[in-house]
2 protein chains.
Amino acid sequence: MSIHQLFCPRGVAVVGSTAQGKIGYELIRQIVDGGFSQVYAVNPKAQGAFGVSGFRALSEIEGSVDLVVVASPAATVPGVLEEAGKAGVAAAVVITAGFSEVGNREGEAEIKRVANHYGIRLVGPNCAGVINTHHKLFASLETRPPAGQVAFISQSGAMGGAVLSWAEEQGLGFSKFLSYGNRADLDEIELLPFLAQDRETEVVALYIESVEDGRAFLDAVREFTRHKPLVVIKSGRSQAGQRATLSHTGSMAGSDEVYDAALRDSGALRVNTVEEMFDLCKGLVSLPPLVETFHGRDIACNVSTRSAAADPSRLKPRIAIVTNSGGPGVMAADRAEELGMTVCEPGPKLKEKLAQALPPYCSMRNPFDLTVEGTEAGYRETLCAVLEEYDAAVAIDVAPPYLDSVALARGVCDAAAKSGKPIAASFMAGRVVAEGIAYLKAHGLPNYPVAERAVTVLARMAEYGAFRSTDRTWPELPTERKRLPGCSQMLEPEAVQWLCENGIPTLPFRSARSISDAVDGCREIGYPVAMKVVSPDILHKTEWGGVKLDIGDDDQAAEAFTAIEELLSVRARQHGTPPSPPDFRGVVVYPMVKEAQELLLGVSSDPQFGPVVVVGLGGVSTQVLRDISLRVAPVDHLQAEAMIRELRAYPILTGFRGERPRDLEALANVLVTLSRLPFAYPEVSEIDLNPVFLLTRGLVVGDVRVIRKEQTKP
Amino acid sequence: MSIHQLFCPRGVAVVGSTAQGKIGYELIRQIVDGGFSQVYAVNPKAQGAFGVSGFRALSEIEGSVDLVVVASPAATVPGVLEEAGKAGVAAAVVITAGFSEVGNREGEAEIKRVANHYGIRLVGPNCAGVINTHHKLFASLETRPPAGQVAFISQSGAMGGAVLSWAEEQGLGFSKFLSYGNRADLDEIELLPFLAQDRETEVVALYIESVEDGRAFLDAVREFTRHKPLVVIKSGRSQAGQRATLSHTGSMAGSDEVYDAALRDSGALRVNTVEEMFDLCKGLVSLPPLVETFHGRDIACNVSTRSAAADPSRLKPRIAIVTNSGGPGVMAADRAEELGMTVCEPGPKLKEKLAQALPPYCSMRNPFDLTVEGTEAGYRETLCAVLEEYDAAVAIDVAPPYLDSVALARGVCDAAAKSGKPIAASFMAGRVVAEGIAYLKAHGLPNYPVAERAVTVLARMAEYGAFRSTDRTWPELPTERKRLPGCSQMLEPEAVQWLCENGIPTLPFRSARSISDAVDGCREIGYPVAMKVVSPDILHKTEWGGVKLDIGDDDQAAEAFTAIEELLSVRARQHGTPPSPPDFRGVVVYPMVKEAQELLLGVSSDPQFGPVVVVGLGGVSTQVLRDISLRVAPVDHLQAEAMIRELRAYPILTGFRGERPRDLEALANVLVTLSRLPFAYPEVSEIDLNPVFLLTRGLVVGDVRVIRKEQTKP
């Protein structure tokens, strides 16, 4: 209710000096100019402005005030909120800076406390304010944007202002705007559910630099994207960017890879620039959803659709490019393929239809090139025909000054209305086609200055379409809580045992602390075997020379044991650390696994999102090429499958070059199980399964390392 | 000389109907409106237009005509050229379509023949004409662009027109424009040397869909980029794009990977959209060159510069981001790092200097955030100070409506003038900063709507700066011509021998056609060995089961030989192809190579560029992740080194995770030698060296396959 009152207050009081040029003065000007009448000025001088009456205190105002906008000095803000609370105000927007962003954490805690006490919802402090165009409320110093269907939430006031200033030129309207600055109280986590229900909002655009509680953020995103598209800019992808974000907002930024995977997996559409945000929002608010229509397709695309049928998340939308110039059509096709769309040729029926409708010099192979002779009717008929077979189209007009761009725009708009499928336009270039672009805009079709941008928008819309069509559910968090065995670092045999008990297949093994035990162990396992050192002091066994592979007989087994034992004392002398030799707890013996694909699986802990599960192919692929796939844990089977498919090296697992396909079902199952362990065992900080041997049937873990949290919270 | 007359004719005759609305009529309007006065109309009716006199024939004109612009029907063009030749005309622009693009190759050959005969340089046919803004010559139907320093050559007339229409809004001026359509005669190969010398041209932008002679094209590019920057759009990167290009221009498009490597290696700056082309040209014509200044750096960046010193091509330009808002600064930093620039923190001296100059709330860690309080002086002093240490800067102004953007622009422009280093601006957003942007433009500073685009431009300028600083030379083509041994497909032993004679190290081997010979051969080589089938009928030995590895003793050797022999007859029966068993020529035996990094090297033949040399890591890395590096052959040692460094898996070769570094010097030498073989042996179509064993000292080739051209031209 109080978020509603924030955006749709009956009355607004601006608290702060209304002397000319002061923030209070400018705020009142904005609110009055915007057309909102129930506004009051509150300041010690009871000074009004722009016809608005001034009061000494909120309590003196007779009308109902649901919202106060605070621009008075930082030290006065707790008192203002106290007064507002007593006056029954529902929401406060604190424009005033000088709180946690400059180290004044006590001041911020104080205003939060007062607001909480009175049940006031707080926006800010240090923020750029609130706008609700449909309520004519402009409680912000920023440029008043045109009304529209996009709600924009910005952590940064300046970025918010820049976007609002640009809105009219970009042809995008906003329903609501809110910048929350230091987020003492309200942020996207509560705004998203509100906006999901807001009738005036079709799309939300979000600019963030950090989040406070990664899990709560993800829950809000996942719930929101079930209803409406969410476009997100998350800045701070680079090292320099994260350094700046840290100094800028004071909150810890999580790894960008985790943000990226979490947002994508949760159905949010991440973009990297404000321009991309405008482009995508324009497409989302003005075009029908882009849904990949798998059924009723013509024969020409059967190959790709058949493989897609086995894997619905990999459905590639089919895009038709209709143009009157070859070059831009080709460039649009280039971009579409790069973005994973299908730019296939038309099927035979469609080809025949087009051959009858179009002059012979037109190219009908997609891009459909009507040539410079392309007419209004040509665009209309071609687009209508192709959209019976394709999922979306880009209409390109590269107009010489003598062509009537309005006529072509009419053809395009007619086809859009008739087909009910998305058509994004690219009328080039500039003033020559200004009238055509105006026609498109008036008829609700987005135009992009280059066709590559139109294609990019359609690709992202298809991504959201595919997400919505799967009707995603999310795994519940495990509720049972257990203790890890022991109380310190688990040794390898202990960890393997633990893993096995938790349902993850491991290799049989034998522990041994003497030569003769080691030889016996090797025999029991059966040659060839692998032997590894066991010591709480050694994390990187291979680098220590503590791993011997392919031991073929008793002699080699004895030799390996002795070598490991000796190496440890030599190493200890060489390095001097630890000053005494490492605590040698013998060796562990495993069978050698042949013809397996080695993987590494892991769970780590992200500062923002907590447990994260990772899979990669190990070695070069992971460590040099960074071909890994990750998700915020826990994951369900669908997510695990998607993780596996995302690996660039995925074809290797499915039977590359005549090799036998690996057991991906088993791999997905293990990923699901692994991803739940840090919840069942809250002491877990990291788990590394490396190597994992993936076989044509099943998999087994070859080694495991479990790291406890430094301060265990049982 | 005649290209000069094409762009700077004394007089121009327009041949074709001047009836209202006809092309000849519009051409004369354009030429007259553009301010060129020595123009004549030629048509059967001797009809003039727009005050221009009409003549029945070129011979009737008394003034000097250097250029004819032909818009008369296709069938009349040979006659027009004949007449022009007799009248001493130097150049002809044939706007008329209806030649090779619609299959009329004879007509095109005919006009080419006539033009050649009279020494007339021909532009077109089927082209959009010629413009020289500095000569006030607008012999084109396209929009007249503002004058400037960019020459634009476009294969496509429509794309050319779109760019010209957009030029004024984009704030870019052109010196010359030429669209060559079907390129019966002139194209970029002769225009580039002309423009390299053209005083009015500082940058050339080139739009191509295909080239006719890849080698000649590359020679022209390499010569041009020694003088001036070249920005290239090459469309048709995707399958669909190439399909369209084929149907569109009728010429064979080479592999896009080869184009890409060839352009990059030759110093051209490839971009993918018209927008990127505008952005980059604006930066190149208005900013000083971006040169990485390696010397005299402060201590803070020493780590990156020290490794750069060992590898000059990897120098990363250091970019400073100066902003008055955190968010856009962070986003610019994100993009800069993604593009391989260094966004390092300032050194201690600079930090101290800034601490004295700036208020304490400013962030001085790069991005340098002056906050919304940033002033004209703040921008001026910060930029001047940072540019003593950094190579370039981006100046971001995210202006609320109440800030004076002109003052900030003044600060930025002053710093640009004083520092002499490139500063790209991003004043956001739109109308709010329109006056600031106008000030920047008036002072020659490019502005970009989002800072990411400014950063991208600087990164590309740095790429060109690095290219220019190396003063590249290019390897001469080998002149000696030799014959391959034999006259059919070389068998493995033969091919290995040939390779060895040509200076590429190979493994010792033994051939054997019987069990006893095979066992003897294995002994001579020394166990363990590898044994492979020899047969002209078997290309993929491994898939045929014709390769046995790790043969450890005489018994295994005999067994392997028998197995190979038997398998062949079994396979032949199973598949029925070839109907008789494969032609079995025995086996070849090699030593097993341990602890080598396996690579594959190759030479193949590109339809546009001829021999191409390739290196990759083999297996997954090459075949699934497509981590390969290629160049148009031959390459010199510098290029070979660059190829190796380009591999994403490069760190593996240099001593990853404690492994010993590989002999990259030997690898580069072999690449150089290999890349020259197809020139010395013109019969060679392909050479595959796979595997190549790269050792810590030296390398050896493990297998080689040489494919002859189908029609050998000795």
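What pLDDT does chain A average, and what share of the residues score at least 70? The structure is a predicted model, and chain A averages a pLDDT of 89, with 92% of the residues scoring at least 70. For the complex, the predictor gives an ipTM of 0.90 and a pTM of 0.92.

The arrangement of the two chains was examined next. Chain B can be laid on chain A by a turn of 180° and a shift of 0.0 Å along the axis, with an RMSD of 0.0 Å, and that is the relation of a two-fold axis. The copies meet through the same surface, because 100% of the interface residues of chain B are also interface residues in chain A. The contact takes 75 residues from chain B and 75 residues from chain A, and between them the two chains bury about 6000 Å², of which 60% lies on carbon and sulfur atoms.

Charged and polar pairs also occur across this interface. The rule finds 10 salt bridges between chain B and chain A, and one salt bridge between these chains joins the side chains of Asp334(B) and Arg237(A), at 3.8 Å from N to O. There are also 10 residue pairs in polar contact between chain B and chain A, with both residues at pLDDT 80 or more. Among the elements that give two or more residues to the side of chain B that touches chain A are α5 (157-170), α8 (239-249), α12 (326-338) and α17 (451-470) of chain B. The largest share of that side, 10 residues, comes from α12(B), and the residues of the side as a whole divide into 33 nonpolar, 20 polar and 22 charged.

Side chains of opposite charge can pair when their charged atoms come close. One such pair within a chain is formed by Arg113(A) and Glu110(A), whose closest N and O atoms are 3.3 Å apart. Arg113(A) and Glu110(A) both belong to helix α4 (residues 105-118) of chain A, and because they are 3 residues apart in this helix, they are separated by about one helical turn.

Definitions and conventions:
Residues are numbered from 1 along each chain as its sequence is written. Chains are lettered from A and ligands numbered from 1 in the order in which they are written. Side-chain values use heavy atoms; hydrogens and water are left out. Contact means heavy atoms within 4.5 Å. Buried area is the accessible area (1.4 Å probe) that two parts lose on being put together, summed over both. A salt bridge is a side-chain nitrogen of Lys or Arg within 4 Å of a carboxyl oxygen of Asp or Glu. A polar contact is a pair of N or O atoms within 3.5 Å; within protein, one must be able to donate a hydrogen and the other to accept it, and residues adjacent in sequence count only if both atoms are side-chain atoms. Helices (H or I, at least four residues) and strands (E, at least two) are DSSP runs, numbered from the N terminus. Ala, Val, Leu, Ile, Met, Phe, Trp, Tyr, Cys and Pro count as nonpolar, Asp, Glu, Lys and Arg as charged, and the others, Gly among them, as polar. Copies are superposed by least squares on the C-alpha atoms of residues with pLDDT of at least 70 in both. pLDDT is the predictor's confidence in each residue, from 0 to 100.
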